[in-house]
Amino acid sequence: MAGVQVSDVSRSFGAHKALDDVSIDFADGGFYALLGPSGSGKTTLLRQIAGFDFPDSGRITIGGESVERVPVEKRRIGMVFQNYALFPNMSVADNVAFGLSVRGETKAVIETEVQRALDLVQLGKLGGRRPHQLSGGQRQRVALARAIVTKPRVLLLDEPLGALDKALRVDMQIELKRIQREIGVTTIFVTHDQEEALTMSDRIGILRDGRLVQEGPPEEIYNRPKSEFAATFLGDANIFRGDTTGDGIRLADGTAIVAGVGATLAAGAKASCAVRPERIRIATDAGAPDGNPNTLKGQVSKRIFAGNNSTYFVERGGQTLKVIVQNTGMERLAEGQDVVLRWSPESTVLIAVN
Amino acid sequence: MAAATASRSGLRSALPLLTPAYLWLTVAIFLPLSAMVFFSFMTELPLSGKPWAFTLGNYAAFFSQSLYLTLLLASLRLGLEVTLWCIVIGYPAAYVLAKVLKGRSREAIFLLVILPFWSNGLVRIFSWAMVLREGGILDTALNAVLPFKINIDLMYSYPAVIIGLVHSYVPYMVLTCYLTLQAIDDSLIEAGRSLGASRLQVLKRVIIPLSMPGLVAGAALIFVPVVGSFMEPRILGGRTGTFYGTVIEDQFVAVFNWPLGAALSFILLAVVLVILAVASPVLRRAA
């Protein structure tokens with residue numbers, strides 16, 4: 001097992017810059033998510049690490065060894081593909097055995113290792129089946145067993161859960177995490193599903209247009225996004241735009257918003273504030289001030305009930321704000337009602353606008 | 001029970017779609033072929049007005065003269081060699097078409113592969129004659145380039161027959177292999193390589209097994225007509241071009257011994273069917 005370092009990697013296809021000077025450090029044994037919309041370069045980055053494609057410039061090392069010109073079959077990686085890519089002409093056991101067998105392992109070694117890998121993914125009894133006789137979730141497990149049986153230095157997963165239905169996907173997320181902990185392999189996981197990235201990974205790298213927007217632990221990115229894109233792509237956020245005042249921003253209509261976290265900016269520059277919908281408290285009257293400097297008046301335009309919570313859409317000065325309220329059985333607010341929104345500076349992230 | 005009923009009603013609704021094809025096959029192939037079976041058991045052709053009788057003599061002739069068996073074996077060898085050359089030449093081309101080329105360049109190369117189909121067979125063979133004969137295009141071109149004098153006279157030889165037949169039949173192999181290769185997902189190749197397999201190992205253990213149906217179909221499409229071929233052997237093979245097919249042709253167009261020609265044809269048909277029957281379980285396992 002080994003860490004992976006990507007340093008200043010760029011890759012263009014014709015005029016299109018698929019990766020633009022990307023650097024990320026994947027520590028040994030970590031579980032990383034590469035998150036981004038389609039076309040953001042996350043799969044291209046994964047293919048550079050795998051060795052299916054070589055970067056135009058930059059360095060990639062696996063376990064300290066420089067690999068940017070090493071072909072995929074010599075990199076000792078394991079990869080799980082979006083469509084599983086199981087060999088249809090082989091049984092499940094032969095699929096899992098493939099990597100060991102091309103390496104020239106003895107029959108006895110192959111048999112033990114294959115059985116151990118199949119047991120690990122809880123498919124111990126299905127070795128004799130053909131891939132087409134398995135369900136989607138089972139194929140997924142076979143693909144995983146096949147990728148880890150060779151004891152790869154890095155495990156790469158390209159949207160591995162994308163083809164599964166929701167309930168199965170949640171099961172597999174837990175399962176995948178368990179297996180990764182058990183074998184401790186450095187894992188890099190490409191996804192466009194922010195929830196998957198948040199729940200599974202130790203660290204997340206957000207990509208956009210071939211650039212790394214932000215990288216860090218899920219909580220850090222969620223609580224302290226460094227750009228409007230990071231704030232709105234990972235989770236939901238209300239964005240206010242205005243001029244910096246030193247401890248926050250002033251909106252066009254003169255309202256001041258105080259930010260407690262985020263960038264430190266010189267007064268007068270353009271900036272934004274991001275506030276998560278669940279951090280805002282909503283009430284029907286002004287009431288007594290609760291010490292929170294951030295107060296806005298608005299009108300409920302819509303309410304969406306989602307079981308454990310409700311989302312209120314509040315119109316305020318030409319902007320629609322989202323507020324998420326836990327369902328505590330308390331009164332519900334009607335559409336058209338005038339409301340007051342309050343939130344703390346600690347819930348307000350100041351973001352530089354470039 | 002339910003399934004049987006369902007398939008029977010399915011057949012009934014499919015009948016109007018099947019009828020034209022089977023009617024045509026009956027009229028155009030089954031009836032003339034039946035007539036040929038009938039002829040093969042006659043002493044004389046009834047059309048000539050001569051008296052005729054039933055006989056097994058035409059079939060006995062095959063076994064009484066070793067020439068026919070020798071020629072049949074030569075034709076089977078020819079079929080095998082042409083099929084192998086078509087695989088050697090056609091499979092890599094099909095691979096490049098299916099997996100390497102994309103878009104416009106693929107279309108252009110595809111057109112070049114199909115082009116032989118669009119030219120008249122006889123024209124194709126005679127153009128090979130112009131290339132292969134002594135003082136022909138190949139001979140002249142090589143002598144113009146090489147500093148020493150060589151004499152290429154491939155015309156009227158076994159290699160000339162092979163060249164002509166491979167040229168005529170290689171498109172079948174390219175097309176059938178192209179279809180199966182194209183259906184193989186690229187991610188299977190990538191999966192193989194990510195597991196440490198070299199390109200050659202991926203080819204051997206994933207691509208060739210998965211494209212076996214195309215290879216088998218191509219081989220069957222080529223082997224059967226080549227064993228009975230007569231035009232290429234006659235024109236390009238000259239004196240060396242006597243094969244089982246040319247002997248059958250002689251019976252029909254030169255000697256006018258239709259009964260013997262028919263009997264020899266059916267022996268060939270039987271041998272080919274036996275070969276395919278023996279080969280099919282082996283090939284199915286490989287696929």
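Because the model is predicted, local features need pLDDT of at least 70 and side-chain atom pairs count only at pLDDT 80 or more, whereas totals for chains, interfaces and linings use all residues. Residues are numbered from 1 along each chain as its sequence is written, chains are lettered from A and ligands numbered from 1 in the order in which they are written, and side-chain values use heavy atoms, with hydrogens and water left out.

The interface comes first. Chain B contributes 18 residues and chain A contributes 21 residues to the contact, where contact means heavy atoms within 4.5 Å. Between them the two chains bury about 1700 Å², of which 61% lies on carbon and sulfur atoms; buried area is the accessible area (1.4 Å probe) that two parts lose on being put together, summed over both. Across this interface there are 7 residue pairs in polar contact, both residues being at pLDDT 80 or more. A polar contact is a pair of N or O atoms within 3.5 Å; within protein, one must be able to donate a hydrogen and the other to accept it, and residues adjacent in sequence count only if both atoms are side-chain atoms.

On the side of chain B that touches chain A, helix H8 (186–194) and helix H9 (199–227) of chain B each supply at least two residues. Helices (H or I, at least four residues) and strands (E, at least two) are DSSP runs, numbered from the N terminus. The largest share of that side, 7 residues, comes from H8(B).

The interface of chain B and chain A also holds 2 salt bridges, a salt bridge being a side-chain nitrogen of Lys or Arg within 4 Å of a carboxyl oxygen of Asp or Glu. Side chains of opposite charge can pair when their charged atoms come close. Arg47(A) forms a salt bridge with Glu190(B), with the closest N and O atoms 2.6 Å apart. This pair runs from helix H1 of chain A to helix H8 of chain B. Arg47(A) is partly exposed at 26% relative accessibility, whereas Glu190(B) is buried at 18%; buried means under 20% relative accessible area, exposed over 50%, and partly exposed in between (1.4 Å probe, protein chains only).

Over all chains, the structure holds 25 salt bridges. In chain A, Arg11(A) pairs with Asp56(A), the closest N and O atoms being 3.0 Å apart. Arg11(A) lies in strand S1 (residues 4–13) and Asp56(A) in the loop between helix H1 (42–50) and strand S4 (57–62), 45 residues apart. Arg11(A) is buried, with a relative accessible area of 15%, while Asp56(A) is partly exposed at 43%.

Rings of Phe, Tyr and Trp (its six-membered ring) pair if their centres lie within 6.5 Å; planes under 30 degrees apart count as stacked, over 60 as edge-to-face and the rest as tilted. Trp52(B) and Phe54(B) form an edge-to-face pair, 5.5 Å centre to centre with 90° between the planes. Trp52(B) is partly exposed at 38% relative accessible area, and Phe54(B) is exposed at 54%. The pair of Phe62(B) and Tyr68(B) is stacked because the ring centres are 6.5 Å apart and the planes lie at 15°.
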